[in-house]
Amino acid sequence: MGDWKTITVPALSSASQTALLNTSEKKMSPSSLNMQQVLHSPLPLCKSPHSFFSAFCTDENVEQSISYLDRELTTLGFPSLYSECNDKELNVTSIINCMNELLVLQRKNLRAQEEVEIQHLKLGSDMDHLQNCYAKVKEQLEASRREIMGLQERDRQQQCKNRNLHQLLKNEKDEVQKLQNIVASRATQYNHDMKRKEREYNKLKERLHQLVMNKKDKKIAMDVLNYVGRVDGKRGAWRTGKTEARNEEEMYKVLLGSYEQRQKQLLVENAELKKVLQQMKKEMISLLPPQKQKPKERAEDGIGPVLSDMEEDAVELNKENMWELSCETVREQLTNSIRKQWRMLKNHVEKLDNQVSRAHSGALNDSDVISREDHELATEKLELEIQQCREMIKTQQQLLQDCYLLEERERLQEEWKLFREQKKNFERERRSFTEAAIRLGLERKAFEEDRGAWLKQQFLSMTSDHKNSEHVKTQSPFSGSSEPDNQLTNFRSRQKKLHCLSSIATSEDLCQTIQHIPHNSNSSAVLSTEKSKPKQ
Amino acid sequence: MNFSEVFKLSGLLCRVSPDGKYLASCVQYRLIVRDVNNLQILQLYSCLDQIQYIEWSSDSLFILCAMYKRGIVQVWSLEQPDWHCKIDEGSAGLVASCWSPDGRHILNTTEFHLRITVWSLCTKSVSYIKYPKACQHDFLISLTGIAFTKDGRYMALAERRDCKDFISLFVCSDWQLLRHFDTETQDLAGIEWAPNGCVLAVWDTCLEYKILLYSLDGRLLSTYSAYEWSLGIKSVAWSPSSQFLAIGSYDEKVRILNHVTWKKITEFEHPATIANPKIIVYKEVEKCPRVETEILAFPPARVEASSLFSTQSKYDISQIPVSLQCVKPIADRANPRIGIGMLSFSPDNCFLATKNDNIPNAIWIWDVQKLKLFVVLEQLYAVQLFQWDPCQPRLAICTGNSKVYLWSPAGCVSVQVPVEGDFQVLSLCWHSNGDCMALLSKDNFCMCYLEKEEGK
């Protein structure tokens with residue numbers, strides 16, 4: 001019974017109802033809907049007022065309802081419905097007063113409610129308004145924030161552009177400065193040249209003036225004592241079309257000569273370079289590993305057939321280069337093959353590097369990777385080989401040296417032999433010479449003896465002749481033919497005779513001494529010694 | 001190394017004859033011919049005026065003496081001292097004179113480069129060449145654009161007509177005009193034949209970097225231009241084998257072109273700091289002579305005095321990195337002292353010596369086989385002149401003081417010229433067999449005889 005049922009008095013005018021409805025319709029909001037429902041629910045259009053109002057109090061429970069009402073009213077502060085003296089009697093005035101009071105209260109409440117509702121609506125609308133405002137403001141804020149960001153971004157970009165433009169401006173200024181400097185220097189150069197030309201012009205004018213005024217002109221001539229011959233001694237030739245043509249020819253010959261020389265140099269250089277390239281290619285081919293049959297190694301499979309191709313190409317190229325073709329295709333082939341080889345070599349080296357790094361990291365799963373011991377063994381073997389080779393080279397060198405020595409010795413021996421033979425020949429000759437000298441000496445001796453005898457005869461005959469005739473001229477075969485000489489010859493022959501006699505003995509001595517003369521002397525020396533002796 | 005005594009000289013005119021037997025020197029108006037070995041005077045000739053230029057004929061039989069002020073060239077004969085020849089250009093004036101390669105023609109350039117007169121000593125003919133060009137490059141002696149091939153067969157002449165440059169090729173034997181063609185240059189600055197006589201290098205004024213290569217028959221083989229607008233070519237040198245053409249420019253770099261493609265194969269830079277440790281840098285340092293004060297006599301003897309005041313110098317090897325002394329050029333002057341001013345190949349083609357005018361005290365020697373910098377020589381004074389020995393890779397350098405410097409791959413040496421008094425070596429001139437050289441100063445010269453096996 002404590003529920004507050006909102007039972008409104010149906011005496012409310014429909015005008016106020018509609019007014020309420022109107023006001024409520026104007027500011028429609030979801031929060032006020034409930035209110036409306038609340039409002040509406042207690043204000044149904046009274047179609048059956050009786051049925052509604054007879055729900056609380058029926059004919060049966062009048063007393064109860066009155067007592068209930070009384071109780072409620074008294075608790076609310078209203079005077080009691082019953083009269084003061086008697087509880088059972090109803091105080092009509094108080095009931096009417098209560099009813100009036102209740103009506104007033106009701107009206108008051110309604111008004112209050114209306115006001116509250118109006119306020120509520122107002123507040124609701126205010127809130128809506130505020131919310132809208134808020135949303136709008138938030139939107140605006142967002143928008144303005146975005147605008148700010150955008151503006152900032154633009155500002156940044158503009159600053160960047162500004163900086164760039166500043167930089168450009170600086171550059172341009174620098175360039176302008178440089179150009180100004182250049183222009184200034186050119187201007188000074190021009191001015192200088194201009195001044196020089198003007199000075200020369202002035203000088204020309206003066207000279208011209210001088211020449212015009214000067215009547216006596218100095219003779220332009222050459223005074224030479226005598227003309228000199230040309231360098232090559234020939235006479236000067238007339239200048240004809242033939243000489244002109246010859247000069248042209250000479251000039252072209254000179255040019256062609258220089259071009260040919262240059263071309264030769266270039267050809268030689270080309271050939272050398274090609275040789276170098278070929279060598280490089282061969283070495284590269286030799287560096288690469290031989291063909292392996294491993295399906296895993298894709299790269300090697302790639303290398304394998306390519307290698308054979310390369311080798312074929314190399315053979316072809318070698319053949320072609322032997323014929324010294326220098327056409328485009330050969331050149332291209334050579335360079336392409338070198339490039340391919342180089343790439344292969346590079347790949348190979350990279351592969352080895354990878355293998356080495358893998359080996360260092362400990363993964364020895366591939367049998368391609370050469371283990372350290374193997375490597376060391378290989379190096380030891382190589383070192384041994386090197387040692388052996390060195391020793392071999394040494395021994396070979398020694399042998400060669402011995403060979404040379406032997407050769408030299410043999411040559412020396414031969415020379416000795418020759419020398420000895422020659423020596424023997426010389427000795428033989430000497431001996432024969434000495435024998436000849438001895439013989440000569442003997443012959444001389446004999447000759448001297450003969451001479452001596454002849455002279456003796458002559459002398460004897462002469463002495464006898466002299467007695468007989470004085471007119472017979474005797475001409476000794478030795479002296480001249482004149483008579484005064486005759487006397488001399490006589491005297492001389494006498495002397496000679498004496499000398500002969502003595503010389504015979506001396507020649508014998510001489511012959512003896514000849515034998516003792518050392519074997520180096522000449523026969524002419526022997527003869528000279530002989531001659532000197534008789535003259536003494 | 002032996003030094004001869006000092007003789008008088010004027011105008012740095014001292015020339016060794018092409019056959020290497022005689023030495024001609026000028027003192028004012030006199031021409032003195034001496035024997036090269038004992039420096040005895042063999043002939044003495046007197047000219048009409050102060051001599052400004054002398055040149056031996058190619059067969060060493062004649063010498064020409066040019067006197068530009070009077071416009072006269074006198075030719076003297078060595079065989080016949082009585083023979084005389086005087087060429088008077090009269091009112092035409094004279095600015096340059098040279099021999100033709102056959103030694104029987106003289107080419108005189110008249111004033112204002114109006115024409116070149118070819119006088120013949122054999123015949124009575126005179127030829128005239130019009131419109132020659134004045135080439136102003138300060139590293140070659142001749143002012144006119146004349147270049148003879150090494151074998152003396154052809155002559156190239158630069159001409160300018162109607163504001164355009166032309167090249168004429170003449171056959172020296174009969175002066176026939178072989179070819180005449182125009183060049184694509186703004187203002188031709190110089191021409192030079194390759195030693196093999198088949199290619200002619202023609203380069204433009206320093207305002208434009210352009211070098212053109214023409215073949216002997218006048219065809220343009222190639223053009224090379226390294227950059228635009230900045231000042232261009234300053235010096236050019238051919239290698240003796242004609243394989244390389246070295247071009248020195250105002251941007252302090254040397255560019256080498258090869259003779260096959262005429263393209264640049266390398267660039268040599270000349271920075272002020274050398275950082276590569278493989279390069280040897282020789283620095284000339286002074287070593288003060290020790291003076292023993294007790295022995296000094298007063299007044300000091302002349303010899304002692306000269307040795308007291310002349311400082312000895314030697315070369316030290318500097319530690320890398322080395323920074324060289326730079327000279328800032330005056331910016332608003334024409335023909336500024338920047339860039340590669342001197343360029344020269346060694347006779348065996350192995351080295352290239354260069355001088356950067358920004359760093360005037362240093363000589364850079366480049367190894368041509370490796371195309372790398374080999375040695376840098378840093379002197380105490382600015383380098384005046386360097387010249388390679390005609391027979392071997394030996395470089396002689398003079399810096400305007402009283403010393404002469406020699407460099408060879410074995411090392412370098414600084415030699416004091418033992419002369420009393422002041423002797424500033426301004427120029428030098430090797431003998432054709434590389435055994436001796438003439439050292440020239442303003443008023444004197446002396447001969448320096450080198451030993452056969454020179455080494456340090």
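**A tour of aromatic rings and a chain-to-chain contact**

Start by selecting B:Trp76, which is buried at a relative accessible area of 9%; buried means under 20% relative accessible area, exposed over 50% and partly exposed in between, with a 1.4 Å probe and protein chains only. Before moving on, know that this is a predicted model, where local features need pLDDT of at least 70, side-chain atom pairs count only at pLDDT 80 or more, and totals for chains, interfaces and linings use all residues. Residues are numbered from 1 along each chain as its sequence is written, chains are lettered from A and ligands numbered from 1 in the order in which they are written, and side-chain values use heavy atoms, leaving out hydrogens and water.

**Stop one: ring pairs in chain B**

Rings of Phe, Tyr and Trp (its six-membered ring) pair if their centres lie within 6.5 Å; planes under 30 degrees apart are stacked, over 60 edge-to-face, and the rest tilted. Over all chains, that rule gives 19 aromatic pairs. B:Tyr45 sits in strand E6 (residues 41–46) of chain B and B:Trp76 in strand E9 (residues 72–77) of chain B, so the pair ties together parts 31 residues apart in sequence. Helices (H or I, at least four residues) and strands (E, at least two) are DSSP runs, numbered from the N terminus. B:Tyr45 is buried too, at 2% relative accessibility.

Next, pick B:Phe351 and B:Trp407, an edge-to-face pair at 5.5 Å centre to centre and 90° between the planes. B:Phe351 is in strand E32 (residues 351–356) of chain B and B:Trp407 in strand E37 (residues 403–408) of chain B, 56 residues apart. Both B:Phe351 and B:Trp407 are buried. Now show B:Phe374 and B:Trp388 as well: with B:Phe351 and B:Trp407 they form one aromatic cluster.

**Stop two: where chains A and B meet**

Show both chains. How many residues does each chain bring to the contact? Chain A brings 41 residues and chain B 53, where contact means heavy atoms within 4.5 Å. Across the interface of chain A and chain B there are 3 salt bridges (a side-chain nitrogen of Lys or Arg within 4 Å of a carboxyl oxygen of Asp or Glu). Zoom in on A:Glu248 and B:Arg179, a salt bridge whose closest N and O atoms are 2.7 Å apart. Finish on helix H5 (92–213), strand E1 (221–224) and helix H6 (241–287) of chain A, which each supply at least two residues of the side touching chain B. H5(A) gives the most to that side, with 13 residues.
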